[in-house]
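This report goes through one structure, starting with its pocket and moving on to its core, aromatic pairs, sheet and backbone geometry.

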Amino acid sequence: FFMESVRDLAEIQISGIPVDEEYYVEAKKRIGEQIKQHQEKMEQSEGAIKYKQIHYGKKIDWESNKVLSEIFYDILKLPEFRTVKNNRSVDKFAIEELNHPLANELRTYRKLLKIEDYINQFLKATNDGMMHPSFDLNRVVTYRSSASDPSFQNIPVRDEEAMLCCRSGIKAPDGWQILESDFGGIEVCISACYHKDPKMIEYITNPSTDMHR
């Protein structure tokens, strides 16, 4: 199983995936300009100006939780969100709930940084219009395949802007099409083939039941 599967995955990696390299270069430039614009807006906000006054013009690290906590909670006096360990939180959930112009800018800024990181990974793994992710079989305990550099099996889908930006550069070779098939609950079904538990097989094969419920 391992020898044959790893060989096939290696062949996929060597063959590569056709991409529009020029598209990603332009997308990186466009996203970079948007990041700069949102950062400038954050720098001009009331919280940022007061932070620089307090810290004698110190440059703001927008990736620092400590800095963000000071700006949102000490300077702007916004309601505090706490972690399970009772630390002040500036994670994704907290920033969304703050509902403040600076928080909204920060949320967009963070999203754009993630998109930029994906594009950078794509370009790093691309050579002559072919992207070559590493496909692995040793990183998931169920022996499901995974991908890294870039994480090709985990391209954004929930955020529409991120999905379109990252996926639009992936293309089929001339004369081919990109198709998708989704094996719903494949690992659960395979486990049922092994242990043959009648109750689980009933849940899987009966369309009126939902084992997750």
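In this predicted model, 29 residues line the largest pocket, and those nearest its centre are Gln 153, Glu 180, Ser 181, Asp 182 and Phe 183. The volume of the largest pocket is about 1200 Å³. Helix α8 (186-195) and strand β1 each supply at least two residues of the lining. The largest share of that lining, 5 residues, is from α8.

In soluble globular proteins, nonpolar side chains tend to be buried together. The largest nonpolar core here has 44 residues, and the members that touch the most others are Trp 62, Ile 71, Phe 72, Leu 106 and Ile 119. At least two residues of this core come from each of α2, α3 (46-54), α4 (65-75), α5 (92-98), α6 and α7. Helix α6 gives the largest share, with 10 residues.

Ile 71 shows what such contacts look like around one member of the core. Apart from residues up to four places away in sequence, Ile 71 touches Gly 47, Tyr 51, Ile 60, Trp 62, Leu 76 and Leu 102.

**Aromatic pairs**

A pair of aromatic rings is described by the distance of the centres and the angle of the planes. The whole structure holds 8 aromatic pairs. Two of them are set out in the table.

| Pair | Centre to centre | Angle between planes | Geometry |
|---|---|---|---|
| Tyr 24 and Phe 122 | 5.2 Å | 85° | edge-to-face |
| Phe 135 and Phe 152 | 6.4 Å | 80° | edge-to-face |

Phe 135 is in strand β4 (residues 134-136), while Phe 152 is in the loop between β5 (146-148) and α7 (160-167); the two are 17 residues apart, and the pair links distant parts of the chain. Phe 135 is buried, at 14% relative accessible area.

**Lys 28 in helix α2**

Helix α2 also contains Lys 28. Its relative accessibility is 35%, so Lys 28 counts as partly exposed, given that partly exposed lies between under 20% for buried and over 50% for exposed. Beyond its neighbours within four places in sequence, Lys 28 is in contact with Ile 119, Asn 120 and Leu 123. One of these contacts, Ile 119, is also among the core members that touch the most others.

Strands of a sheet pair through backbone hydrogen bonds, either parallel or antiparallel. The model has an open sheet of 3 strands, in the order β1-β3-β2 and with antiparallel pairing. Why is one side of β1 and of β2 left without a neighbour in the sheet? Strands β1 (17-18) and β2 (126-127) are at the edges and each has a single partner strand, so one side of each has no neighbour. Strand β1 is joined to β3 (residues 130-131) by 2 bridges, and the two strands run antiparallel. Pro 18 has Met 130 in β3 as its bridge partner.

**Backbone geometry in loops**

Asp 149 and Pro 150 are joined by a cis peptide bond, with omega about 0°. Pro 150 is placed in the loop between β5 and α7.

Tyr 56 has a phi near 55°, a positive value in a residue other than glycine. Tyr 56 belongs to the loop between α3 and α4, and at 79% relative accessibility Tyr 56 is exposed. Asn 99, in the loop between α5 and α6, has a positive phi near 50° and is likewise a residue other than glycine. Asn 99 is exposed, its relative accessible area being 62%.

Definitions and conventions. Residues are numbered from 1 along each chain as its sequence is written. This is a predicted model: local features need pLDDT of at least 70, side-chain atom pairs count only at pLDDT 80 or more; totals for chains, interfaces and linings use all residues. Side-chain values use heavy atoms; hydrogens and water are left out. Rings of Phe, Tyr and Trp (its six-membered ring) pair if their centres lie within 6.5 Å; planes under 30 degrees apart count as stacked, over 60 as edge-to-face and the rest as tilted. Helices (H or I, at least four residues) and strands (E, at least two) are DSSP runs, numbered from the N terminus. Buried means under 20% relative accessible area, exposed over 50%, partly exposed in between (1.4 Å probe, protein chains only). Contact means heavy atoms within 4.5 Å. Two strands pair if DSSP finds at least two bridges between them. A nonpolar core is a set of buried Ala, Val, Leu, Ile, Met, Phe, Trp, Tyr and Cys residues joined through side-chain atoms within 4.5 Å. On a 1 Å grid over the protein atoms alone, a cavity is a set of points where a 1.4 Å probe fits but cannot get out, and a pocket is an open set with protein on both sides within 12 Å along at least five of seven lines; lining residues have an atom within 4 Å of a point. Grid points are joined across faces, edges and corners, and a volume is the space filled by probe spheres set on the points.
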